[in-house]
Amino acid sequence: MWQPPHWATEAKSSTVALELCRGDDVVKTISLAGRKSYVLGRQGDIVVEDAGASRQHAAIVHRDGAAYLFDLKSAKGVALRGAQLKPMEPAKLADGDAFVLGENPLRYVIRGLAPAGAPPPPPPP
């Protein structure tokens with residue numbers, strides 16, 4: 001079972017979310033707040049219903065208001081911004097970034113991250 005890196009922290013924003021998109025349509029939105037990390041896969045925190053996906057395919061890890069994407073040594077890979085990730089090497093995500101898992105037709109889009117260099121949003125009242 002994969003464990004997040006020691007440097008992981010809970011999401012700073014309560015609005016950070018993952019959109020599952022088919023074409024231009026958002027099929028589902030999943031909150032990524034309240035935890036240090038989320039595993040995507042057939043047996044992950046976020047279940048990927050695709051026989052081509054690994055049981056633990058990828059992970060999103062939070063750190064100090066930023067989010068990072070990992071390929072968890074999946075059989076079919078993870079592509080971010082059109083480029084394949086190297087297994088187990090974190091790739092920093094930016095608001096609006098899209099990634100795909102293997103040959104799955106769904107795109108995963110990260111939303112609610114603060115723009116680079118911007119301070120985190122203030123806490124809710």
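View 1. At 68% relative accessibility, E103 is exposed (over 50% relative accessible area; buried is under 20%, partly exposed in between, with a 1.4 Å probe and protein chains only). K76, at 40%, is partly exposed. Their side chains meet in a salt bridge at 3.8 Å, N to O (a Lys or Arg side-chain nitrogen within 4 Å of an Asp or Glu carboxyl oxygen). K76 sits in the loop between β6 (66–71) and β7, and E103 in the loop between β10 and β11 (107–111), so the pair ties together parts 27 residues apart in sequence. Strands here are DSSP E runs of at least two residues, numbered from the N terminus.

This is a predicted model, where local features need pLDDT of at least 70 and side-chain atom pairs count only at pLDDT 80 or more, while totals for chains, interfaces and linings use all residues. Residues are numbered from 1 along each chain as its sequence is written, and side-chain values use heavy atoms, with hydrogens and water left out.

**View 2. D45 meets R35.** This salt bridge spans 3.1 Å, N to O. D45 is in the loop between β3 (37–41) and β4, R35 in the one between β2 and β3, 10 residues apart. D45 is partly exposed at 42%, and R35 is too, at 37%.

**View 3. β7 alongside β10.** Residues 78–80 (β7) and 98–101 (β10) pair antiparallel over 3 bridges (pairing takes at least two DSSP bridges). Here V78 stands opposite L101.

**View 4. S54 in its loop.** S54 lies between β4 (46–47) and β5 (58–63) and is buried at 15%. Beyond neighbours within four places in sequence, S54 contacts G41, R42, S74 and A75 (heavy atoms within 4.5 Å).

Note on methods:
Helix = DSSP H or I, 4+ residues; strand = E, 2+ residues; numbered from the N terminus.
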